[in-house]
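I open this notebook to record what I looked up in the coordinates.

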Amino acid sequence: MKKLLYLVLLVAVAAVSSCKQDQYYLYNDIGRVQFGPEPSRIYTTSYDLADTLKPYTFYYEDAAVKEDTIFFDIYAIGGTTKTDRAFTLEQEQIPNAVNAVAGTHYVAFSDPKVSKFYVIKAGTVHTRVPVIVLRDASLKTSTPKLKFKIAANADFQLGEPNKIWRKIEVTDRLSQPAQWTASFTQYYFGKYSVVKHAFLINSSGEKWDNDFINNLYAVGGLLSYYQLTMKTALINYNNAHPGAPLVDEFGEVVVFP
Amino acid sequence: MMVVVAMMTACKKDHSNYDYKTGEKITVKGIESSYTLISELDRLTLTPEVSSTEPNAQFEYLWGIYETNVQGSAPVLDTLAKTKDLNYLIKQAAKGWVLVYRVTNKTTGYSQYINVPVNVVTEFTRGWYVAKDDGTQSDLDLFLTPTSIVPTGKRENLYSSINGSKLPGQANLLSFLSAYKSTVTGTLGNTRTLVLSTDKDVATVNVNTLKKIFTLDNLLFDAPTVKGPCQVFPGGGSAYYLLNGGNVHSIVNISANIGKFGGRFLKDANNTPYSLSKYFISNTLSNAYFFDETSSTFFAIGNGYGTALSSISDVTGTAMSASNNNQKVLYMGLKSATYLPSPALRYVFTGCAVFQDKSNSSNKTLSSIDIDGYTMKLTNTSLTNADKLYNGANMTLMYGQENLMYFSMGGNQVWSRNLSNNFEKLEYTVPAGEEITFIRHKTGAETNYAYNYIMVGSKINGTYKIRMFNKASGSISGSPVATLEGTGTAKDILYISPSVSESTNTIQW
């Protein structure tokens with residue numbers, strides 16, 4: 001009988017102690033801040049890491065254009081406050097890469113020209129983060145990378161580790177637009193190359209930049225139209241150059257899938 | 001201890017409802033099973049009687065309407081009134097709608113829904129449309145059929161009077177697309193569209209208003225380098241095809257599109273030049289089939305997809321290859337479509353063509369064409385001068401009915417040829433001086449508007465006549481049911497009504 005009592009007690013203790021709330025980090029201890037997709041995509045999980053890298057080129061711009069602004073979206077988590085809250089950005093050096101130089105390739109994050117915008121306004125949880133890139137002569141021959149991250153300050157601690165950084169690749173040469181995505185590569189126009197990009201521009205008279213590619217998706221049927229007409233243009237080019245098909249900078253024959 | 005716990009949880013007070021009273025029934029009287037109304041003219045005036053089996057029922061009402069044949073978005077119920085009776089001026093675009101009447105007993109919360117189809121029409125949404133030209137420009141005439149399939153009135157030159165000018169070129173086929181995408185209502189949606197094609201241009205026309213939507217200059221994503229001859233017709237998989245100057249373009253209508261045709265299909269990986277015949281085999285049940293006059297080769301396009309024409313393989317025993325057969329097509333069309341049972345579960349086509357040998361133009365062949373996907377078998381019958389068909393013109397097939405071909409001879413005779421036994425028969429002779437310009441067989445099954453006509457178009461002194469004949473066992477039966485007359489030369493005719501869709505009649509020569 002005594003054994004049975006011990007057994008019941010053991011089961012009861014096990015039952016009571018087996019359920020315990022997991023210590024999830026609720027981010028409600030203090031205001032935190034992290035990057036994210038544009039607001040319309042904030043609840044779409046597949047866009048969680050969108051805009052991590054934004055390539056930019058001055059290639060299409062008039063020679064008089066000496067700087068441009070690239071925007072990212074940033075979100076405060078942990079609720080709103082009644083006062084404005086500033087956040088801090090800082091560059092992170094990338095090993096074995098050409099890193100952008102403040103004042104040469106971009107306006108330093110501490111420069112009031114941009115730092116004054118690094119604020120989550122009272123009563124809000126979102127703002128757009130401007131990063132000003134500069135058209136330095138070196139961009140004609142190089143593509144420096146600017147990786148930057150959020151630094152903790154008096155107003156904000158850091159958000160999720162994989163959402164506290166962003167990267168820009170800036171150049172003055174033709175470069176892969178951000179919208180030339182993996183799916184754009186796989187389903188429509190194949191592997192990116194500068195030669196292919198220039199061919200598309202020359203054949204169509206269009207820029208094939210982010211806006212143009214976005215419009216391809218927006219206008220029903222337009223993407224298929226360009227797929228077919230650019231494929232035709234490439235065939236015609238290769239027919240006009242027997243034995244010398246269009247070859248890209250990697251030494252590979254340019255193809256459209 | 002365990003027993004005590006079990007006993008404490010086992011007993012629970014039963015709060016179930018055992019009142020098995022008969023459910024409430026709300027009855028609505030005074031609403032028809034369907035309505036046909038003219039937009040911006042007719043009022044929907046309804047005074048229904050409403051009663052309930054609940055003695056103390058307190059009703060509230062809601063009238064709403066939503067459109068049918070919507071693609072790419074969910075239909076939205078537009079509230080018309082919250083009163084018992086309805087007195088509403090119909091403003092909706094001409095197409096199919098559903099009127100919803102909801103009666104709710106506020107006491108019990110029970111609601112009864114009445115759903116009634118409403119066909120909104122305009123004066124242009126019903127009648128016989130005739131594509132015609134004056135030798136250099138084309139137009140549309142409409143023969144009105146307010147009460148039966150036999151016309152009682154006429155509106156001439158409607159296309160030019162509404163759009164300000166005629167369409168350049170001589171008229172070709174007239175076709176109808178029921179789900180063509182346009183923004184004529186302000187938002188992108190399915191638009192019932194008549195397509196007037198000529199040898200120089202093409203116009204998509206909103207059948208509700210007869211206003212043109214696009215012409216060849218803006219019907220493609222870029223300006224065409226050649227202008228005509230044009231044909232537009234539907235194919236399987238909700239594809240639409242445009243033939244322009246021997247090139248083919250498509251719209252994949254189940255994908256997002258704005259009513260513009262895509263790029264020119266390639267023939268192969270080398271972009272070898274081609275020139276497709278104006279004759280084709282296509283309807284909404286399967287692939288579209290074309291004949292390249294340059295290489296004398298059949299090609300297919302499935303569901304409008306792809307960047308290149310698909311080649312056709314020969315079936316063992318074919319009398320002539322589908323590829324490089326050194327023929328010119330004098331006529332080609334679709335005779336029947338057959339649905340194969342499981343496990344095939346697909347349509348196969350039987351078509352018919354008249355070929356002329358490129359090397360020896362006196363050699364002509366009548367071919368029966370059996371098509372299954374991307375394979376083809378041709379069964380040939382040589383034609384000689386003894387065959388009336390040898391010198392025939394204006395050929396046409398009777399899709400889905402008798403195994404007959406109709407054609408004209410000598411400009412004024414209508415002949416039929418039995419494709420099973422090659423028997424040829426003079427069916428009709430138009431009066432002296434008239435010259436036959438087309439022959440068509442078309443059918444419709446709409447209640448009070450059913451028809452199964454062989455129609456013969458002819459011209460004389462700058463005017464046209466279209467005689468509409470009933471058919472009996474494949475032959476023309478008696479005198480014309482009606483003869484449509486107008487100015488110019490008629491090239492095609494098509495009946496349009498709210499119930500007509502792009503699959504009602506196979507578009508072909």
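**Conventions.** I work on a predicted model, in which local features need pLDDT of at least 70 and side-chain atom pairs count only at pLDDT 80 or more, while totals for chains, interfaces and linings use all residues. Residues are numbered from 1 along each chain as its sequence is written, and chains are lettered from A and ligands numbered from 1 in the order in which they are written.

**Chain B, overall.** I counted 3 helices and 38 strands in chain B. Helices (H or I, at least four residues) and strands (E, at least two) are DSSP runs, numbered from the N terminus. Along the principal axes, the C-alpha atoms of chain B fill a box of roughly 100 × 70 × 50 Å. Of the 509 residues in chain B, 40% are buried. I call a residue buried if 20 or more other C-beta atoms lie within 10 Å of its own, exposed if 12 or fewer, and partly exposed in between, with C-beta atoms placed from the backbone. I then took the contacts in chain B with a separation of 6 or more: residues 24 or more positions apart account for 56% of them. Two residues are in contact if their C-beta atoms, placed from the backbone, lie within 7 Å.

**Nonpolar cores.** A nonpolar core is a set of buried Ala, Val, Leu, Ile, Met, Phe, Trp, Tyr and Cys residues joined through C-beta atoms within 7 Å. The largest one has 107 residues, and B:Tyr129, B:Val130, B:Leu196, B:Tyr241 and B:Ile493 touch the most other members. Strand S14 (residues 171-182) of chain B gives the largest share of this core, 6 residues. Another core, of 22 residues, lies apart from it and includes A:Phe35, A:Tyr56, A:Ala100 and A:Ile168. I also listed the contacts of B:Leu196 beyond four places in sequence; among them are B:Ala131, B:Leu140, B:Tyr159, B:Leu174 and B:Val205.

**A sheet in chain B.** I found an open sheet of 4 strands with antiparallel pairing, in the order S21-S22-S23-S24 (chain B). Its edge strands, each pairing on one side only, are S21 and strand S24 (310-311) of chain B. Two strands pair if DSSP finds at least two bridges between them.

I asked how many residues of strand S22 (residues 288-292) of chain B are buried. The count is 5 of its 5 residues. In a regular strand the side chains alternate between the two faces of the sheet. In S22(B), B:Ala288, B:Phe290 and B:Asp292 are buried on one side, and B:Tyr289 and B:Phe291 are buried on the other.

Strand S21 (residues 276-281) of chain B pairs with S22(B) in the antiparallel sense over 3 bridges. Here B:Leu276 stands opposite B:Asp292, and a hairpin through 6 residues joins the two strands. With strand S23 (residues 297-301) of chain B, S22(B) forms 5 bridges, also antiparallel. B:Tyr289 has B:Ala300 as its bridge partner in S23(B). The hairpin of S22(B) and S23(B) has 4 residues between the strands, and B:Ser296 there takes a positive phi near 55 degrees.

I noted an open sheet of 4 strands with mixed pairing, in the order S7-S3-S1-S9 (chain A). Strand S7 (126-134) and strand S9 (157-158) of chain A are its edge strands. Strand S1 (residues 32-36) of chain A pairs with S9(A) in the parallel sense over 2 bridges, and A:Val33 has A:Leu158 as its bridge partner.

Helix H4 (residues 194-204) and helix H6 (residues 222-240) of chain A pack at an angle of about 100 degrees, with their axes 10 Å apart. Axes are lines fitted to C-alpha atoms, for helices over the stretch in contact, and angles run from 0 to 180 degrees between N-to-C directions. H4(A) and H6(A) are therefore roughly perpendicular to each other, a class that covers 65 to 115 degrees. The residues in this contact include A:Phe199 and A:Leu200 of H4(A) and A:Tyr226 and A:Met230 of H6(A).

**A:Lys149.** I located A:Lys149 in strand S8 (residues 145-151) of chain A. A:Lys149 counts as partly exposed because it has 16 C-beta neighbours inside 10 Å. Beyond four places in sequence, A:Lys149 touches A:Glu90, A:Glu92, A:Ile164 and A:Trp165.

**Contact of the chains.** Chain B and chain A each contribute 15 residues to the contact.

Notes. Parallel < 35°, antiparallel > 145°, perpendicular 65-115°, else oblique.
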